Amino acid sequence: MAIFDERRAGGVPRNRPAVSLFVSGGILLMAMAAGSEPKTTANVIAGQDGDKPPLPRPQPTPPRTETHPISMTGRAVSFDGEPIPGARIYMASRRADYKRLAETTTDAKGRYEFRDVPLPIEKADTATGRDSGSFQVFGTAEGFGFAWRPQKWFFPRPKPANIAYEPDRRDPPSRYEVGEKIALDLAFPPARSLSGTIVDDRGKPLPDVRLEIRDCESLAVVDNVVPGWTLDTLNEPDSVPHSIKVRTTDALGRFEFTGLPADCVFRIHVRARGFPDRWVYAAKTERFLPARDGEEVFLGDLDLTLATPVEVPIRLIAADTGKPAPKVFVQAAEGLVKTAETTDDQGRVTLKLPPGTYRMQHLPAHGTPYLVTEDELIVGASPPAEPIAA
């Protein structure tokens, strides 16, 4: 596709050496010692609250973008079809700028409207591609669980005659062409709550632990396809209000999420000071659920025990120069326990992990001629006497 793209400059790529970060065999031996009146006019959002992603990640080259105004109408109703006045409705971008774009409130008949909201559009990067944007609509209502519709696509320019799409199988239409009317109703499910307590392995309650719902998956069958709809917008820092998806434990280690939808499974990111990141799955359903990522899904209270971590010092060396490797993103993971840090100017980093065996990955700084490397890290009951050389 790139060969036939006339907009791409030709030429011979630079011949740059790719040198991997050498991982010494000592890593295993040394480590063994050692996650009102309702409004109908949308309020366009210029910026939002929200923390940065918990773990830094390599950033791709920003896509070429523009914006195109889109308008949308719909209703908020209960599962019985009754209109819901005063529901709060949100629209978020799912491409380019991943953030909340607008919000509004349903009127006395449960109706809402977004008018001329600037949707970020990514320019096509191939001759046969199409400029496109993507969005997701979701909402909250008093006494109900939050509701949403799956991701939708929007094309700001007419469809070429030679392009055809497969029929939509889930929540059609999934694509909107310029000029087409966008009408999306939201059906709000019964509300459920999720509460629990977080303690360490000595039974001590952990206060100020941050829990963030990063995904919600409907367990209902949709067009004979399981799983059902997913509110993947939850995974972005600036799309869903924190009042919906974030809780912090109190002095006794307790927390509670309210206004959750029934018959859904949630992926929750747990961050406690002094502990590695931990992920858990919890569900509000009466049906049996198999394990996910090797661990059981919490079906009742989410009572979680965090194992005390061991400090594992690591020092990375560039294989070709023998010098310290700075700004290397080092991450280690096993099941639902994950941690990551970046090396300092001396190539040093300290990972905090409970005893166990982890898959470790080194991501060199952007622009350096090194490859990503992986290895196994075994953490013992006590810290190693010397930094692990890698």
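The side chains of Asp131 and Arg157 form a salt bridge, with an N to O distance of 2.8 Å. Asp131 belongs to the loop between β6 and β7 (133-140), and Arg157 to the loop between β9 (152-155) and β10 (175-177), so the pair ties together parts that are 26 residues apart in sequence. The model is a predicted one. Asp131 counts as buried because its relative accessibility is 13%, which is under the 20% limit. Arg157, with a relative accessible area of 36%, is partly exposed.

This pair is part of a network: salt bridges with shared partners join Glu66, Lys123, Asp131 and Arg157. The count of salt bridges comes to 23.

## Two further salt bridges

Arg149 and Asp171 form a salt bridge in which the closest N and O atoms are 2.8 Å apart. Arg149 sits in the loop between β8 (147-148) and β9, while Asp171 sits in the loop between β9 and β10, so parts that are 22 residues apart in sequence are tied together by the pair. Arg149 is buried, at 13% relative accessibility, and Asp171 is buried with a relative accessible area of 10%.

In the salt bridge of Arg278 with Glu295, the closest N and O atoms lie 2.7 Å apart. Arg278 is in strand β17 and Glu295 in the loop between β17 and β18 (304-306), so this pair ties together parts that are 17 residues apart in sequence. Arg278 counts as buried at 12% relative accessibility, whereas Glu295 counts as partly exposed at 27%. In general terms, side chains of opposite charge can pair when their charged atoms come close.

Strand β17 (residues 277-284) has eight of its eight residues buried, so it is largely enclosed by the rest of the structure. Asp277, Trp279, Tyr281 and Ala283 point one way from the strand, and Arg278, Val280, Ala282 and Lys284 point the other way. Both sets are buried, and they include the charged residues Asp277, Arg278 and Lys284.

Strand β16 (residues 264-271) runs antiparallel to β17 and is joined to it by seven bridges. Ile268 stands opposite Val280 of β17. The hairpin of β16 and β17 has five residues between the strands, and there Gly274 takes a positive phi near 90 degrees. β17 also runs antiparallel to β21 (residues 337-342), with two bridges between them. One of the residues concerned is Arg278, whose bridge partner in β21 is Val337.

Strand β3 (residues 65-78) and β6 run antiparallel and are joined by 10 bridges. Within this part of the structure, Arg75 has Arg111 of β6 as its bridge partner.

## Nonpolar cores

The largest nonpolar core has 30 residues, and the members that touch the most others are Phe146, Ile198, Cys216, Phe266, Ile268, Val270 and Leu302. Two or more residues each come from β4 (88-93), β12 (191-200), β13 (210-218), β15 (254-261), β16, β17 and β18. The largest share, four residues, is given by β16. Apart from this core lies another, of 24 residues, among them Met91, Phe114, Leu119 and Ala141.

Leaving aside neighbours within four places in sequence, Cys216 is in contact with Phe146, Trp148, Trp229, Thr230, Leu231, Leu234, Pro261, Cys264, Val265 and Phe266.

## The chain as a whole

The chain contains two helices and 26 strands. Of its 390 residues, 44% count as buried. Its accessible surface comes to about 20300 Å², and carbon and sulfur atoms account for 51% of that area.

Conventions. Residues numbered from 1 in each chain as written. Predicted model: local features only at pLDDT ≥ 70, side-chain atom pairs only at ≥ 80, totals over all residues. Heavy atoms only, no water. Pairing = 2+ DSSP bridges. Buried < 20%, exposed > 50% of the residue type's maximum accessible area, 1.4 Å probe, protein only. Areas by Shrake-Rupley, 256 points an atom, 1.4 Å probe, with all protein chains shown as cover. Salt bridge = Lys/Arg side-chain N within 4 Å of Asp/Glu carboxyl O. Core = buried A, V, L, I, M, F, W, Y, C linked by side-chain atoms within 4.5 Å. Contact = heavy atoms within 4.5 Å.
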